[in-house]
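This report covers an interface, a helix, and the pockets and cavity of one model. Please have the sequence and the coordinates open while reading.

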There are 2 protein chains.
Amino acid sequence: MFVSTTINGIDAKGRVSVPADFRATVTGQGFAGVYVWRSPFGDYLEGGGLRLLEDLHDAIEDLDPFDPARAAHERVIFGGAKALMFDSTGRVTLPKDLMAHAGLDKQAVFIGMGQRFEIWDPKSHAETEEEALRLARENRGALKSRRRREREAQS
Amino acid sequence: MFVSTTINGIDAKGRVSVPADFRATVTGQGFAGVYVWRSPFGDYLEGGGLRLLEDLHDAIEDLDPFDPARAAHERVIFGGAKALMFDSTGRVTLPKDLMAHAGLDKQAVFIGMGQRFEIWDPKSHAETEEEALRLARENRGALKSRRRREREAQS
DNA sequence: TGATTTCCCATGGTATCCCATAGTTAACAG
DNA sequence: CTGTTAACTATGGGATACCATGGGAAATCA
């Protein structure tokens with residue numbers, strides 16, 4: 001599971017250290033690296049390990065072959081995703097097009113999101129953080145406890 | 001389940017012993033440590049074991065994938081949480097930013113809250129305790145007995 | 001050949017591991 | 001009942017390993 005927020009530097013070659021605990025969660029999934037793609041929802045990147053890609057693949061397989069959403073997902077995720085391998089010290093090099101999409105320059109903010117993570121530029125992240133906190137507080141009631149979910153699932 | 005209140009010391013390296021009975025409840029959940037994050041509601045920390053995080057994850061999975069509130073919850077909960085592993089003697093090191101949020105210095109108050117716990121600075125905890133006692137007295141009626149809950153669920 | 005990219009080694013700082021001590025509770029035999 | 005041993009909890013400090021980062025050499029591509 002990906003948790004916590006880390007901010008790491010991007011050097012002149014476009015290399016950035018993937019946080020050690022992120023590396024630990026993808027290690028043993030069969031690919032020593034991460035998959036990263038442009039978020040369809042904003043100027044940031046989304047990423048995960050091999051297992052996430054497989055899960056997404058299965059989820060898309062469940063969609064109707066002629067559902068336009070299916071083609072869109074396939075295009076964005078599988079077409080746009082890059083496999084970034086760790087070097088011997090746990091860094092990856094971010095391709096220029098991905099950096100451009102997220103407005104990345106000198107630093108990258110890694111945000112753990114459970115089974116996936118996001119990469120932001122510090123500036124745009126700071127702008128969105130407050131908004132996220134407000135939304136989370138206002139919609140706290142939407143999160144149901146396990147007991148409540150199970151009770152409602154029965155009916 | 002996390003119960004009772006314990007006060008432990010924080011050493012110069014930011015290490016603090018997690019109360020033994022807290023350790024006992026998270027042991028066997030698959031992660032030998034606790035997850036801790038800033039409370040959105042005050043100057044203290046909240047924490048729990050792997051099971052709590054998984055429950056929250058499931059609750060979020062229940063939300064619409066395109067609901068902005070869903071991403072907000074993921075960012076606040078998973079992005080804000082830190083995974084703190086026990087050392088061989090059952091301590092964790094509190095990151096500086098978490099200590100700053102809760103105003104922690106030399107001591108930490110661990111408060112069991114059922115399926116989660118809180119970490120307070122002794123000073124701010126004392127100030128809030130009296131207030132909590134008063135609130136609990138006033139809202140006594142909200143706690144329903146098991147019989148009453150089952151009776152109401154039938155109808 | 002020039003420009004990238006990939007691999008490899010070096011370094012400073014931090015965090016983790018490991019050992020040691022003291023106090024408390026539990027167990028236990030006399 | 002009582003004194004002793006044994007286990008565990010909380011705490012302190014030193015050594016070690018790891019992390020993030022920088023730069024250079026070899027390999028690859030246009």
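About 2,500 Å² is buried between chain B and chain A, and carbon and sulfur atoms give 64% of that area. Buried area is the accessible area (1.4 Å probe) that two parts lose on being put together, summed over both. Of the area that chain B buries against chain A, H73(B), R75(B) and F78(B) supply 24%, more than any other three residues. In terms of contact (heavy atoms within 4.5 Å), 29 residues of chain B meet 29 residues of chain A.

The model is predicted, with local features needing pLDDT of at least 70 and side-chain atom pairs counting only at pLDDT 80 or more, while totals for chains, interfaces and linings use all residues. Residues are numbered from 1 along each chain as its sequence is written, chains are lettered from A and ligands numbered from 1 in the order in which they are written, and side-chain values use heavy atoms, with hydrogens and water left out.

**Chain A**

Chain A has six helices and eight strands. Here helices (H or I, at least four residues) and strands (E, at least two) are DSSP runs, numbered from the N terminus. Along the sequence their pattern is β-β-α-β-β-α-α-β-β-α-β-β-α-α. Taken along the principal axes, the C-alpha atoms of chain A fill a box of roughly 60 × 40 × 30 Å. Chain A has 155 residues, and 39% of them are buried. Buried means under 20% relative accessible area, exposed over 50%, and partly exposed in between (1.4 Å probe, protein chains only). Of the contacts in chain A between residues at least 6 apart in sequence, 57% join residues at least 24 apart.

**Helix α2 of chain B**

Helix α2 of chain B, residues 50–61, has 12 residues. From first C-alpha to last it reaches 16 Å, close to the 16 Å expected at 1.5 Å a residue; the expected span is 1.5 Å times one less than the number of residues. The buried residues of α2(B) are L50(B), L52(B), L53(B), D55(B), L56(B), H57(B), A59(B) and I60(B). They pack against α6 (146–154) of chain A, and against β3 (33–38), β4 (45–48) and α3 (68–80) of chain B.

Why does L53(B) count as buried? Its relative accessibility is 0%. Neighbours within four places in sequence aside, L53(B) is in contact with M1(A), V3(A), Y35(B), W37(B) and F78(B). L53(B) and F78(B) are 25 residues apart in sequence, yet their C-alpha atoms are 8.3 Å apart in space.

**E74 in helix α3 of chain B**

E74(B) sits in helix α3 of chain B. Because its relative accessibility is 6%, E74(B) counts as buried. With neighbours within four places in sequence left aside, the contacts of E74(B) are G112(A), M113(A) and R116(A) in chain A, and I60(B) and G79(B) in chain B.

**Pockets and cavity**

Rolling a probe the size of a water molecule over the atoms shows where empty space is left. On a 1 Å grid over the protein atoms alone, a cavity is a set of points where a 1.4 Å probe fits but cannot get out, and a pocket is an open set with protein on both sides within 12 Å along at least five of seven lines; lining residues have an atom within 4 Å of a point. Grid points are joined across faces, edges and corners, and a volume is the space filled by probe spheres set on the points.

| Space | Volume |
|---|---|
| Largest pocket | about 1,100 Å³ |
| Second largest pocket | about 880 Å³ |
| Largest cavity | about 30 Å³ |

The largest pocket is lined by 34 residues, and F41(A), E46(A), R116(A), P65(B) and F66(B) lie nearest its centre. α3(B) gives the most to this lining, with six residues. By class, the lining of the largest pocket has 21 nonpolar, three polar and 10 charged residues. Ala, Val, Leu, Ile, Met, Phe, Trp, Tyr, Cys and Pro count as nonpolar, Asp, Glu, Lys and Arg as charged, and the others, Gly among them, as polar.

The largest share of the lining of the second largest pocket, five residues, comes from α2(B). That lining divides into 13 nonpolar, seven polar and 10 charged residues.

The count of cavities of 30 Å³ or more is one. V18(B), V34(B), V36(B), L84(B), V92(B), L94(B), F110(B), F117(B) and I119(B) line the largest cavity. This lining has nine nonpolar, no polar and no charged residues.
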